[in-house]
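Please look over the model below before reading my comments.

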Amino acid sequence: MSPRTDVAAEGNFLIPNGTFFAELVIFLIVLGVIWFFVVPPIRKVLAERENRVSETTVNSKAAKETFAEAEARYQTALEKARAEAADIRNQARAEGRAILEEMRGEAQREADEIVAESAAQLRAQADQVAAELRQEVEPLAQSLAARVVDGDDRHAGSGSGHQTGRASS
């Protein structure tokens with residue numbers, strides 16, 4: 001037996017029947033449930049996320065401005081500190097030069113004093129030696145002069161007395 005192909009269709013498929021309307025009602029109910037129970041929490045979460053993003057953007061801009069101000073204050077303070085350090089360095093160098101010059105002057109004065117003391121000691125020693133030599137030389141000169149004067153009278157005209165006088169002295 002072969003299947004029948006000549007069976008007439010039970011109804012027109014273009015005309016909706018009750019199943020369609022039942023499915024439509026169920027679809028609308030599911031859509032309503034989703035619309036009233038699922039979509040609001042999702043919208044709330046999305047709104048919160050959008051608010052956080054906008055707050056983060058505002059905070060980021062404020063943080064950038066604060067950072068820029070802090071960076072500017074830092075650079076200003078750094079330049080001021082560098083200038084103060086340069087001033088302190090220059091002042092220390094000037095003080096060092098002044099101390100060095102003072103020490104050089106003091107050393108020169110001490111050297112001059114030592115030279116003056118040494119020169120005074122040398123003069124005193126020279127005067128003392130000269131006085132001692134005068135004391136020693138005067139008697140010798142007098143005795144030598146006396147010998148020469150006495151020797152000329154005794155040995156006048158003889159050459160041997162001259163030699164003996166020289167040999168004895």
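The numbered points below go from overall make-up to single contacts.

1. Basis. This is a predicted model, in which local features need pLDDT of at least 70, side-chain atom pairs count only at pLDDT 80 or more, and totals for chains, interfaces and linings use all residues. Residues are numbered from 1 along each chain as its sequence is written, and side-chain values use heavy atoms, with hydrogens and water left out.

2. Secondary structure. The protein has two helices and zero strands. Helix α1 covers residues 18-154.

3. Burial and surface. Of the 169 residues, 2% count as buried. Buried means under 20% relative accessible area, exposed over 50%, and partly exposed in between, with a 1.4 Å probe and protein chains only. The accessible surface comes to about 15400 Å². Carbon and sulfur atoms account for 61% of that surface. Areas come from the Shrake-Rupley method with a 1.4 Å probe; for residues, only the protein chains shown count as cover.

4. Aromatic pair. The structure holds one. The ring centres of F20 and F21 are 5.6 Å apart and the planes are at 70°, so the pair is edge-to-face. The rule takes rings of Phe, Tyr and Trp (its six-membered ring) with centres within 6.5 Å; planes under 30 degrees apart are stacked, over 60 edge-to-face, the rest tilted. F20 is partly exposed at 44% relative accessible area, and F21 is partly exposed at 46%.

5. Nonpolar patch. V25, I26, I29, V30, V33, I34, W35, F36, F37, V38, I42 and L46 form a nonpolar surface patch, with about 1200 Å² of accessible area together. Patch residues have over 30% relative accessible area and no salt bridge; nonpolar side chains (Val, Leu, Ile, Met, Phe, Trp, Tyr) are joined within 5 Å, like charges within 9 Å. I29 is placed in helix α1.

6. Negative patch. E102, E106, E110, D112, E113 and E117 make up a negative surface patch. Asp and Glu count as negative, Lys and Arg as positive; His and the chain ends are not counted. Each charge is placed at NZ of Lys, CZ of Arg, CG of Asp or CD of Glu. E113 lies in helix α1 and is partly exposed at 49%.

7. Salt bridges. The count is two, taking a side-chain nitrogen of Lys or Arg within 4 Å of a carboxyl oxygen of Asp or Glu. E79 pairs with R82, the closest N and O atoms being 3.6 Å apart. R104 pairs with E101 at 3.2 Å between the closest N and O atoms. E79 and R82 are three residues apart in helix α1, about one turn of the helix. R104 and E101 both lie in helix α1, three residues apart.

Technical notes
Helices (H or I, at least four residues) and strands (E, at least two) are DSSP runs, numbered from the N terminus.
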